[in-house]
Amino acid sequence: MKTLPTLYRNATLCTLAGGDWGLIEHGALFSRDGRIAWLGPEAQLPIALAREAQAEHVLQGALLTPALIDCHTHLVYGGQRANEFELRLEGASYAEIAQAGGGILSSVSATRAADEAQLLDAAGRRLRNWLGEGVGTLEIKSGYGLTLTDEARCLRVARRLQERTGLSIRATFLGAHSLPPEFAGRADDYVDALCAWLRELHAQGLVDAVDAFCESIAFSPAQVRRVFTAARQLGLPVKLHAEQLSDQGGAALAAEFSALSCDHLEHLGEAGIAAMRAAGTVAVLLPGAYYFLRETRLPPVAALRAAGVPIAVSTDHNPGTSPGSSLLLTINMACTLFRLTPLEAVRGVTVNAARALGLPDRGQLAPGLRADLAVWQLDHPRELAYWFGHRPCSRLIVAGQELS
Ligand code: NIG
Ligand code: FE
């Protein structure tokens, strides 16, 4: 879509370029064709750009950051699982509920029963929460269909949400989420089937990346290896739900396949950290799931930090373990529960989240990057991690297009 050459003036720019906040007071930013063409102190704005601008926004000192990125969600599903929340409060564990046929499989039944319009409406309604919080890019995983037709329907909904909202949406195939009932006792046959589906879904242009759930209640490292081999043969990047409930060696396996990210990681050990570091794999921390499952084992934040593994933060929005819809609350939780600094948490939903999705064209403010911008009624970007239940975003711009 064509966008006007646009000038944003009198902003406090938070570029996140370099390792710090990258603050520029009394800043200006000029965008053209959906990209950032120039930014800097307004006093240095080239006169030719001021003349070229066809739209101008004077921000009165408001904070201008890169639009936020939620790099791990399961936004498309039918139904909800509040009953399991009650069961867990009465003492049942997440794994026990899953083994008894609830958990992911109860969302699979509800998702299969919903048609495409219903899934699109429900996910579209949820998505408004992200729009209101300055999120410009969102990843959506399949994994509640678990047949070729039902996975395709969910991935199509992800594609249609991008058309409908203007947000940038990445679709990840998570066929290896749980073993569907029709394959009970035949996990290896299911892995063969989902690898064949992946080829078909890829041919339909529905897949940007491939994920799997490596856990004793889901898929073994050997099975994940087969899924990843199929993905890499198609040239698709991989990521992994790894070491959430136990250390399966999933992170090291994912690193072998140059995974973009490993996500959850509460049980990640030294070997996994070293492998992720060597492969440049991002650690995606999901404090919403940790909170909602009332976990007590923290991810090894200090060791990840010491090793220099990039850390991202995401909602993991899903009906079972993280029904929250607020990326801002999530970054607050990353600080309070996981002891990230506000700078680390904000980098976790911008620069490092972009990296977890393999998108080097966003997540910072710099010339040449996409004009994905959020304007906030805040004095300093550390407030993004401080307030919760507060909606300070006043403008969201995606690829130069104003969405709200
Ligand atoms: O990221 N860990 C696996 N998948 C989801 C939970 C899915 C569910 O319970 O519906 C997660 O936490
Ligand atoms: Fe997840």
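How are helix 6 and helix 7 oriented to each other: roughly parallel, roughly perpendicular or oblique? In this predicted model, local features need pLDDT of at least 70 and side-chain atom pairs count only at pLDDT 80 or more, while totals for chains, interfaces and linings use all residues. Residues are numbered from 1 along each chain as its sequence is written, chains are lettered from A and ligands numbered from 1 in the order in which they are written, and side-chain values use heavy atoms, with hydrogens and water left out.

The chain holds 15 helices and 16 strands, both being DSSP runs numbered from the N terminus (H or I, at least four residues, for helices; E, at least two, for strands). Buried residues (under 20% relative accessible area, 1.4 Å probe, protein chains only) make up 59% of the chain.

Now to the helix pair. Helix 6 (residues 148-165) packs against helix 7 (residues 187-203) at an angle of about 40°, and their axes lie 10 Å apart; axes are lines fitted to C-alpha atoms over the stretch in contact, and angles run from 0 to 180 degrees between N-to-C directions. The two helices are therefore oblique to each other, the class left after roughly parallel (under 35 degrees), roughly antiparallel (over 145) and roughly perpendicular (65 to 115). Where they meet, L148, E151, A152 and L155 of helix 6 contact W197, E200 and L201 of helix 7 (heavy atoms within 4.5 Å).

Definitions and conventions
Buried means under 20% relative accessible area, exposed over 50%, partly exposed in between (1.4 Å probe, protein chains only).
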